[in-house]
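Dear colleague,

Here is the structure you are taking over. My notes on it follow below.

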Amino acid sequence: QLGYGPSSFEGGPFVAHRLRLRALGCSLRLLTVENSAVVSRVAEDHPMTDSQQDYQTIRCRSTADFLAALPQLAGFTATDSLFVVLFTGAQAERAVRFDLPSSEEPSESTRLLDLVCDILSEVGAAGDPDAAPALVISSALSFEEAGGTPWRRLARRIERRFRRERIGLRELCCIAPDGWVSYIESGAPQHGHPISEIEASPVALEALVNGDPIPDLSTLGELPIASSARVRAVARALDSLAPFPQSTKDAGERGPRRQGTLEVPAWFGDTAEVTHAFRSESDTLSPEMTARLIRSAAHPDRWLLLALGILTRPDFPAELAQDMSAVPFTGVAIDLDADPDAEPQLGWSIRRVLAAICPEFTDHHRLHALRDRLGAAISETPREDRPALLALSGWMWWLGGNQTVAHRHVEAALDIAPGHEIALMVQRISSMPLYAGLLARPPRRAA
């Protein structure tokens, strides 16, 4: 992606503002002065950087320890993957995952190596030994099936390319179903070291006793199974709550107004209430609030306010409308850039809002609980009402740097409603990795 082919990318984003317009496929230069002022206000009032947290340090004394720590660092396991672990000095801070190429032929791996080297150059690894990364090839192919170490030719190409790019290699290793090996280890056994060395690592044993189970990428983001009682309760709440009018331009009723501010339609406050409930860490969503979330997400203008309330604060869109105008948020086009061959249109769309604001977001730690809560709500939602929530979930997974799960949720939405405009918009914007502040993003755990 970004011209590098179809590899999925997990672990982003990182700072590369020069790539933003091309990456997100939007004509941000076509925003009006009023639209641009809104984006600037969001950036000024909400830096959207990660709040300070305490992170556990995992001490690794061997490659086996490092491989045992990798799932905790990445947050999931995956085969047929290349993990690039970024370092600052002796401390590993985060891992980025890429799909392995379909074969070891140079024509199949060139784009992957281009992308990896571009990312490492952007984060300052070229020419800086302290920032030398560690790379792990996670292979579904076993040592026995490969007749030796899997993916050896790719590993040699990585070594040669990194030498040309002046990027150091802290480690380059492989883990397979029946063993592991370091490609840069002298005298490495042909059929690898036993997996039991990783399983017996103090890091693995500590995680087994004290850590949470680490999911595989193939199951990450799976919806839970809702209780039949909750499903019935949400259905009753939906029956008692009529769908919102599709037009918000003439919403009529106005909300509370501060002196010297503009009037704001009441649906701003209503959507803020839903966002507050959704973001609350102390309370479970009631069936009635779940129904309001379903109805809000189904309306494009309210879907945008939900997204902005997740990016910033629940009340921020209403405050912005009071101070500036509700017009930019009313009757918003979903995607003015859907057809790349069409004549460019001036103005504001949900996709352009997200393309302008999301690259600044690095407050990823709070997305974990929100994604779980949204997944629970989707599982309680009637199938025909799920597409907008699935699109919101796909957007949140993409915002957190996981394209694979984002694509899964968007595809689920389009399976239900093939022409769903918001899901199609999220599909387009999430087709490119979101680059924004990888180095500024505090790690899940440091190894």
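**Aromatic residues**

Trp 267 and Phe 268 are both buried, where buried means under 20% relative accessible area, exposed over 50%, and partly exposed in between (1.4 Å probe, protein chains only). This is a predicted model, in which local features need pLDDT of at least 70 and side-chain atom pairs count only at pLDDT 80 or more, while totals for chains, interfaces and linings use all residues. Residues are numbered from 1 along each chain as its sequence is written, and side-chain values use heavy atoms, with hydrogens and water left out.

Searching the whole structure gives four aromatic pairs. One of them is Trp 267 with Phe 268, a tilted pair with 4.4 Å centre to centre and 40 degrees between the planes. For this, rings of Phe, Tyr and Trp (its six-membered ring) pair if their centres lie within 6.5 Å; planes under 30 degrees apart count as stacked, over 60 as edge-to-face and the rest as tilted. Ring pairs also bring in Phe 329, which forms a cluster with Trp 267 and Phe 268.

Phe 268 belongs to helix α10 (residues 266-279). Helices (H or I, at least four residues) and strands (E, at least two) are DSSP runs, numbered from the N terminus. The relative accessible area of Phe 268 is 1%, so this residue counts as buried. Its C-alpha is 8.4 Å from that of Asp 315, although Phe 268 and Asp 315 are 47 residues apart in sequence.

Two arginines sit over aromatic rings. Arg 170 lies over the face of Phe 87, 4.1 Å from the ring centre, and Arg 371 lies over the face of Trp 397 at 3.9 Å. The rule is that NZ of Lys or CZ of Arg is within 6 Å of the ring centre and within 35 degrees of the ring normal.

**Salt bridges**

The count comes to 14 salt bridges, each being a side-chain nitrogen of Lys or Arg within 4 Å of a carboxyl oxygen of Asp or Glu.

- Glu 159 and Arg 156 form a salt bridge at 2.3 Å, N to O. They are about one helical turn apart, because three residues separate their positions in helix α6. Glu 159 is buried at 15% relative accessible area, while Arg 156 is partly exposed at 27%.
- Arg 292 and Asp 270 form a salt bridge at 2.7 Å, N to O. Arg 292 is in helix α11 (residues 287-297) and Asp 270 in helix α10, so this pair ties together parts that are 22 residues apart in sequence. Arg 292 counts as buried at 18% relative accessibility, and Asp 270 as partly exposed at 22%. Through shared partners, salt bridges join Asp 270, Glu 273, Arg 292 and Arg 302 into one network.
- Arg 366 and Asp 363 form a salt bridge in which the closest N and O atoms are 2.9 Å apart. Both of these residues are buried.

**Cysteines**

How many disulfides are there? The count is zero, with a disulfide taken as a pair of cysteine sulfur atoms within 2.5 Å. For Cys 174, the nearest cysteine sulfur is that of Cys 173, 7.8 Å away. Cys 174 is buried, with a relative accessible area of 0%. Cys 117 also counts as buried, at 2% relative accessibility.

**Backbone**

Most residues other than glycine have a negative phi. Trp 151 has a positive phi, near 60 degrees. This tryptophan lies in the loop between α5 (143-146) and α6 (152-165) and is buried at 11% relative accessibility. Arg 166 has a positive phi of about 60 degrees as well, and is not a glycine. Arg 166 lies in the loop between α6 and β5 (171-176), and is exposed at 57% relative accessible area.

**An enclosed helix and a surface patch**

Helix α13 (residues 316-323) is largely enclosed by the rest of the structure, because six of its eight residues are buried. These are Phe 316, Pro 317, Ala 318, Leu 320, Ala 321 and Gln 322.

Leu 208 is part of helix α8 (residues 202-210) and counts as exposed, at 69% relative accessibility.

Regards
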